[in-house]
Protein chains: 2
Amino acid sequence: MTAPTAEPPSAVSTGLLLSELGERRIVAEMLEPRYRTVPSFGDDCAQLGSDRVITTDSCGAALVCSLGETDPVHTGWLLATINLSDLAAAGARPEGLVVNYTLPPETPARTLSRIMDGVDACAAAHGTRVLGGDIGEGREMRLSATAVGVCAHGGPDGTVRRLSRRGAVAGDRLLLVGSPGHLWGAALVFHGFAEVTEDEHREMFDRACRPRAQLPAGGVLATQGLARSAIDVSDGLYAAIRSLCRANGLGALVRTDVRLDPVLERVCERAGVHPFQLAQTWGDWCLLVAVHPDDVVRTRGLLAEVGTQAREIGELTAATGRVLLDDGGAEPAAWDGIDQERFSSTSWRGVGIRGALDRMRELSGSHPSG
Amino acid sequence: MTAPTAEPPSAVSTGLLLSELGERRIVAEMLEPRYRTVPSFGDDCAQLGSDRVITTDSCGAALVCSLGETDPVHTGWLLATINLSDLAAAGARPEGLVVNYTLPPETPARTLSRIMDGVDACAAAHGTRVLGGDIGEGREMRLSATAVGVCAHGGPDGTVRRLSRRGAVAGDRLLLVGSPGHLWGAALVFHGFAEVTEDEHREMFDRACRPRAQLPAGGVLATQGLARSAIDVSDGLYAAIRSLCRANGLGALVRTDVRLDPVLERVCERAGVHPFQLAQTWGDWCLLVAVHPDDVVRTRGLLAEVGTQAREIGELTAATGRVLLDDGGAEPAAWDGIDQERFSSTSWRGVGIRGALDRMRELSGSHPSG
């Protein structure tokens with residue numbers, strides 16, 4: 001039994017709107033005081049019973065629908081991936097999804113059918129399925145889903161192996177697990193910043209349209225006890241690193257010399273974009289994990305065995321709250337990253353895709369690829 | 001692994017809109033072909049693993065917000081109840097809720113706070129809590145939640161005791177579990193059809209604002225193996241009976257001589273509304289269950305022990321698809337009930353609250369209380 005706890009008077013009693021608060025203050029001033037006693041508050045997934053996790057996420061139309069890929073199948077795929085990615089960040093195996101669709105009455109039946117095709121195909125590609133759902137009417141499309149996962153029991157004591165945001169210490173190395181940059185690489189191509197061959201186009205848009213959750217990697221990291229903390233990169237690398245630092249009272253030093261998949265390296269060169277600018281975007285559903293320095297090689301090896309790349313991109317530091325970028329110059333500088341705050345006009349949503357691409361190219365000058 | 005199965009060409013290939021299809025054809029032509037192999041397809045809850053169930057439901061503002069009770073706390077309470085009611089229909093004990101809120105940016109923080117107060121209070125009143133959630137922006141408020149429940153293991157063989165829509169046979173008696181009529185009784189009062197004392201007003205609006213899911217009753221029915229099939233009355237008695245008949249290939253004979261709680265009997269008399277017209281409404285989250293004729297007395301007794309009323313309202317018949325009303329006249333007549341189909345202009349939503357009340361009074365003439 002839980003009774004709602006008292007909230008600080010600030011946000012609620014002063015008559016502020018959600019747009020005046022922004023996501024971070026909503027979380028800090030409204031959700032945390034109310035729900036901080038819930039186990040795993042702040043993690044990608046909530047604990048459910050002793051060995052399960054549960055998560056819910058919603059989405060509107062997928063970004064690729066604004067990049068010439070207008071088939072709603074991609075939005076359905078995305079809906080499943082964003083939820084399964086939270087399970088990956090907990091190191092859990094998916095047990096099933098339930099879906100909740102709000103659609104305008106004037107939606108063509110075919111649109112709903114294609115959304116379901118995408119959800120079902122994505123679920124099947126990740127070894128799971130839709131168990132149930134609800135469909136209702138609304139003025140705009142809004143799709144949400146809930147995923148439940150089962151955590152592995154490890155060792156002779158049967159401890160539940162659940163990954164969490166908390167547990168990292170200063171000196172831990174940051175690994176970016178998965179292959180970042182395909183979605184925003186596709187955006188660079190669509191907006192004419194780089195020409196690509198037919199094969200290159202197919203490879204990038206294939207990844208951009210059908211991003212995979214890092215479930216095999218999450219499973220390995222959890223069962224092997226290798227990730228001291230983990231989070232999925234749902235809002236970009238900057239937001240993920242900041243969240244990981246906040247959860248552990250740490251800072252971070254991030255290197256910009258990250259290498260991307262070959263096709264993306266070529267796109268970056270043609271578009272005049274520093275690969276780090278692509279690596280720090282969102283939409284590819286990578287995991288960000290912290291591992292002990294001695295475990296980096298073994299971790300990368302085990303992840304390679306399940307077909308997953310892991311790039312070492314920096315380390316956690318004791319300088320609480322400071323996130324620095326090391327671009328090979330004399331001194332690391334504070335990272336003024338792109339923020340993705342909901343309920344805020346300062347996020348990327350305020351500038352649009354084209355604005356975000358312009359900013360990416362603009363920043364590439366200050367971090368030359370060397 | 002599930003691959004989407006082929007759909008009949010009708011709805012999707014002919015370019016129909018969801019509003020042209022309506023909820024029933026969406027289910028029959030789009031969802032059933034795709035998901036009929038999912039265990040418990042069509043039930044209030046989906047099976048999750050061996051002994052759990054999961055359900056998701058969404059809502060906009062609660063109807064009571066149009067009856068002078070404008071505090072968003074009632075919408076939060078409703079959101080939790082509608083999901084917990086599905087667990088009740090499965091006979092499961094709640095393990096937790098996750099919530100997914102879409103809100104316009106111009107929503108006052110206080111509104112979100114009151115919604116959460118309602119969800120948290122309702123969850124606590126039912127012995128459970130919110131485990132996690134997601135908040136995003138949209139043009140209109142849309143709240144959804146997912147509830148997970150655990151089913152009891154019964155008997156020496158440890159069989160999972162899960163209630164389902166299927167399992168009833170002709171001759172089974174229909175019990176309406178819970179106390180129907182409070183929400184629409186409150187609507188009659190609010191619209192001036194009946195005057196009530198202050199105490200009567202408080203009693204009715206208390207129930208209308210804070211409807212309870214029938215979790216204790218569902219638990220008893222499941223563990224004692226008494227309900228051969230069960231469904232919650234989320235869309236009115238007519239829709240619930242039709243669904244139960246369809247799931248079991250049966251018909252039903254429903255008696256109109258149902259008695260309501262005393263305060264509602266008085267409201268009916270003053271408003272010139274037949275009690276059956278209130279009993280067949282929705283919003284009170286009753287369960288409709290089918291029990292063997294020999295089990296009716298024992299079932300009512302056991303439910304009374306957990307403080308729950310159960311009214312015998314008729315029986316299931318072998319006349320597949322025929323739902324008849326017996327109002328004490330010479331011959332039972334076909335029940336032309338109020339339908340609550342989503343994505344359809346013919347549902348109550350098309351006529352509004354006042355229109356639905358007028359219809360209720362108009363029909364009361366043809367079914368005199370005798």
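1. Buried area is the accessible area (1.4 Å probe) that two parts lose on being put together, summed over both. In this predicted model, chain A and chain B bury about 6100 Å² between them, and carbon and sulfur atoms give 58% of that. On the chain A side, the residues that lose the most area to chain B are Arg129(A), Leu131(A) and Phe343(A), together 10% of what that side buries.

2. Local features need pLDDT of at least 70 and side-chain atom pairs pLDDT 80 or more, while totals for chains, interfaces and linings use all residues. Residues are numbered from 1 along each chain, chains are lettered from A, and side-chain values use heavy atoms, without hydrogens and water.

3. With contact taken as heavy atoms within 4.5 Å, chain A contributes 67 residues and chain B 68 residues.

4. Six salt bridges (a side-chain nitrogen of Lys or Arg within 4 Å of a carboxyl oxygen of Asp or Glu) are found across the interface of chain A and chain B. One of them joins the side chains of Arg139(A) and Glu140(B), at 3.6 Å from N to O.

5. Superposed by least squares on the C-alpha atoms of residues with pLDDT of at least 70 in both copies, chain A is laid on chain B by a turn of 180° and a shift of 0.0 Å along the axis, with an RMSD of 0.0 Å. The two copies are thus related as by a two-fold rotation axis. In chain A, the residue closest to the rotation axis is Thr146(A), at 3.5 Å (C-alpha). The same surface serves both copies, since 100% of the contact residues of chain A recur in chain B.
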